[in-house]
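This report describes one protein model for a reader who is new to structural analysis. Please keep the sequence and the three-dimensional view at hand while reading.

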Amino acid sequence: MKVLAEGDLVLLIDKVGRRYRVQLKAGERHSLHSGAVSHDDLIGRPEGVIVSTQLGARLLAVRPTFAEQVTGRRRQAQPIYPKDLGAILIAADIHPGASVLEAGTGTGALTLAVVRAVGPQGHVVSYEVREDFMELARRAIVDTLGAMPPNLELKLGDIYTGVDETDMDRVLLDVAEPWQAVGTVRSALRPGGIVFAHCPNVSQVQRFFDCLREVSGFGLMDVFEVLQRGWTVRGRSLRPSHRMVAHTGFLCFARRLAEDTLFEPEGEGFR
Ligand SMILES: C[S@@+](CC[C@H](N)C(=O)[O-])C[C@H]1O[C@@H](n2cnc3c(N)ncnc32)[C@H](O)[C@@H]1O
């Protein structure tokens, strides 16, 4: 059994669903409105244990999931939502051993998801144009993984003006004007490779695909969005939640061809 240990990050969840992030340290206490929890009551106990404050409030203690870690911290840039992260990894076929070029790093949310998916045999290079954002992302990555993974390079640079990398399996763009990066994508992506762009507005989608057509050498252009409707599960009540994250962004994909031509079949393909 993997018991809770000193140094672990845990979420304490109260009876109304409020979540508190706590890094366990022997001898420390975490104070809440409903009383204080002693870290010593958690260290050595199994994950999923319910502890009580000295005032009798009950709190569930679990390690945060990847999605909870990504969404739970303060941030400067807008991270890709967990509902989209999973879809991007599958639709762009981010697989163990893949080489992936990304821009911009932002909070590092997509970077972390990609590093996990490519595994130790894979390689990720992430470009960020703002040094302060790059350093914040580096800190978030070290915070989450304990250290910078050896197969991740964070680079300060502008994806619009070109990169050193070539023959990459995948290129992932989450920048304001992805169409400005199509020249870079064209030279960095290997034939058969997949380019992804996250576009909040449909005008960006159109411009991105138009530019891929203009430079040529791309095909199988595809776009979709992910609508996730949560349901509440509480006692006898099982119904859709009142609120949902409706729009985040359009997820755009295309494949690099071996020739400087276009290939746009009429059918809708297979997702
Ligand atoms: C929406 S955020 C990316 C969020 C990121 N995908 C995440 O999951 O946290 C966009 C980032 O791209 C960076 N950026 C904008 N233009 C860029 C460029 N030309 N080259 C590299 N990074 C760029 C911005 O500074 C910002 O950090």
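## Report on the model

S38 is found in strand β4, which covers residues 35-38; helices (H or I, at least four residues) and strands (E, at least two) are DSSP runs, numbered from the N terminus. This is a predicted model, in which local features need pLDDT of at least 70, side-chain atom pairs count only at pLDDT 80 or more, and totals for chains, interfaces and linings use all residues. Residues are numbered from 1 along each chain as its sequence is written.

S38 is partly exposed, because 15 other C-beta atoms lie within 10 Å. The C-alpha atom of S38 is separated by 60 Å from that of R213, 175 residues away along the chain.

**The chain as a whole.** The protein chain has six helices and 16 strands. Its C-alpha trace spans about 70 × 45 × 30 Å along the principal axes. Of the 271 residues in the protein chain, 31% are buried. The domain assignment, which is automatic or from a database, gives domain 1 (9-64) and domain 2 (67-263). The C-alpha centres of domain 1 and domain 2 lie 34 Å apart.

**Helix α6.** Helix α6 (residues 202-215) has 14 residues, and the distance from its first C-alpha to its last is 20 Å, close to the 20 Å expected at 1.5 Å a residue. The expected span is 1.5 Å times one less than the number of residues. In α6, the residues V205, F208, F209 and L212 are buried. They lie on the same side of α6 because they cover an arc of only 90° around the axis, the arc being that of the directions from the helix axis to the C-beta atoms. An α-helix has 3.6 residues a turn, so residues three or four places apart point the same way. The face of α6 turned away from the buried side carries the exposed residues S203, D210 and E214. The buried residues of α6 pack against α5 (182-188), β11 (189-199), β12 (218-224) and β15 (250-256).

**Backbone features.** Most residues other than glycine have a negative phi, and most peptide bonds are trans.

D93 counts as partly exposed because it has 13 C-beta neighbours inside 10 Å, whereas D167, with 11 C-beta neighbours inside 10 Å, counts as exposed. Just after α6, S216 also takes a positive phi, of about 60°. The peptide bond from A103 to G104 is cis, with omega near -15°. G104 has its place in the loop between β7 (99-103) and α3.

**The ligand.** Which residues are the closest to the ligand? They are G104, G106, T107, A109 and D174, among the 22 residues that surround the ligand; a residue is near a molecule if its C-beta atom, placed from the backbone, lies within 6 Å of it. The elements α3 (109-118) and β8 (123-128) give two or more residues to this shell.

Technical notes
Buried ≥ 20, exposed ≤ 12 C-beta atoms within 10 Å, placed from the backbone. Contact = placed C-beta atoms within 7 Å.
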